[in-house]
Amino acid sequence: MPFTIDLHAHSNISDGILTPEELIEHAAMHRVDVLALTDHDDVSGLEIAAREAKRWDIRLINGVEISVTWKKRTIHILGLKIDPEYAPLKNGLAEIRKGRHVRAEGMAAGLSKVGIAGSLEGAYHYAQEGIISRTHFARFLVNNGICKDNKSVFKNYLVKGKPGYVEHEWASLEDAVNWIVTSGGVAVIAHPGRYDLGRTNMLLLLEEFRSHGGTAIEVVTGSHTVDQYSEFAKYAHQFGLHASLGSDYHGKGISFMEMGRLPALPSNCIPVWHDWPEATLSERSFAIKT
Ligand code: AMP
Ligand code: MN
Ligand code: MN
Ligand code: MN
């Protein structure tokens with residue numbers, strides 16, 4: 001029996017719906033053997049997730065998805081097998097989260113100018129103790145009947161040129177890759193097909209990423225089309241980068257993709273997990289350990 005791997009998923013520590021415990025149970029129900037929890041800019045779900053993963057016989061990979069600004073664009077860099085206790089990484093993420101609070105105030109001010117009151121409190125209500133993100137504003141806008149769904153909120157309110165959008169400077173590419181790599185982890189460009197960079201900038205990004213110590217890109221992800229699987233498999237090959245696979249699961253209703261449903265990596269890829277002991281198992285017992 002081939003094993004199932006998913007190296008990109010969110011809990012409610014960032015903008016997912018499920019708690020870290022529920023996310024692990026969900027992964028078990030979908031027969032995922034190796035799972036990375038990769039919350040945006042926060043690693044505080046990893047400890048609880050690790051405890052729960054043991055009960056379900058799931059191999060948990062410590063992960064994070066770092067928000068980066070590169071050439072005035074937002075890029076996401078995944079850190080896999082990071083050390084969540086590594087001080088430069090922890091401090092860097094804390095700094096990004098501080099920036100999120102400032103940005104949220106700006107977003108609420110923008111929304112209030114077009115007559116939408118109370119969005120800051122509304123968004124924090126959904127964020128609870130976790131990071132504050134555009135997804136939480138989206139939930140507020142949908143649940144208050146201002147928009148019909150998540151997609152229309154982003155389109156009409158939360159992207160460049162719209163009232164709830166705020167230009168924001170995230171971490172630099174160099175810092176994000178450095179925090180990940182020096183903590184002992186592997187840096188991976190998340191969903192490269194989503195950035196609309198054009199070929200020239202994509203080549204520049206890959207070159208720069210690699211020069212900072214980045215070694216992998218997502219090839220098969222919930223946000224790539226089938227054509228993009230082969231496109232990014234080619235880029236990976238060209239740049240000598242390993243390939244990753246992940247659903248980017250956020251929970252029912254808002255995720256692009258369910259867990260455990262993605263196809264295998266194209267055969268010309270070297271999986272990012274090729275030398276990971278966690279990813280050598282061929283089957284799992286699927287029994288709850290008490
Ligand atoms: P933030 O990091 O606060 O800017 O929020 C980004 C998150 O919003 C992403 O991780 C996605 O989960 C979600 N997101 C971004 N763009 C869209 C979109 N067009 N439709 C739905 N969700 C989106
Ligand atoms: Mn997200
Ligand atoms: Mn992302
Ligand atoms: Mn993600």
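Axes are lines fitted to C-alpha atoms, for helices over the stretch in contact, and angles run from 0 to 180 degrees between N-to-C directions. Helices (H or I, at least four residues) and strands (E, at least two) are DSSP runs, numbered from the N terminus. This is a predicted model, in which local features need pLDDT of at least 70, side-chain atom pairs count only at pLDDT 80 or more, and totals for chains, interfaces and linings use all residues. Residues are numbered from 1 along each chain as its sequence is written, and side-chain values use heavy atoms, leaving out hydrogens and water.

**View 1. Helix α4 crosses α5.** The axes of α4 (residues 119–127) and α5 come within 8 Å and cross at roughly 110°. The two helices are therefore roughly perpendicular (65 to 115 degrees; under 35 counts as roughly parallel, over 145 as roughly antiparallel, the rest as oblique). The crossing is right-handed, meaning that the near helix is turned clockwise from the far one by less than a right angle. Contact means heavy atoms within 4.5 Å. From α4, Ser119, Leu120, Gly122, Ala123, Tyr126 and Ala127 take part. They meet His136, Phe137, Arg139, Phe140 and Asn143 of α5. By class, this contact has six nonpolar, four polar and one charged residues. Ala, Val, Leu, Ile, Met, Phe, Trp, Tyr, Cys and Pro count as nonpolar, Asp, Glu, Lys and Arg as charged, and the others, Gly among them, as polar.

**View 2. α3 packs on α4.** Their axes lie 8 Å apart, at an angle of about 135°. α3 and α4 are therefore oblique to each other. His101, Ala104, Glu105, Ala108 and Leu111 of α3 touch Ser119, Leu120 and Tyr124 of α4. Five of these residues are nonpolar, two polar and one charged.

**View 3. α8 packs on α9.** Helix α8 spans residues 198–211 and helix α9 residues 226–239. The angle is about 45°, with the axes 11 Å apart. That makes α8 oblique to α9. Their crossing is right-handed. Arg199, Met202, Leu203, Leu206, Glu207 and Arg210 in α8 meet Phe232, Tyr235, Gln238 and Phe239 in α9. The contact has six nonpolar, one polar and three charged residues.

**View 4. The largest pocket.** On a 1 Å grid over the protein atoms alone, a pocket is an open set of points where a 1.4 Å probe fits, with protein on both sides within 12 Å along at least five of seven lines. The volume, the space filled by probe spheres set on the points, is about 1,300 Å³. Lining residues, which have an atom within 4 Å of a point, number 36. His76, Arg134, Phe154, Val159 and Arg194 lie nearest the centre.

Conventions
Chains are lettered from A and ligands numbered from 1 in the order in which they are written.
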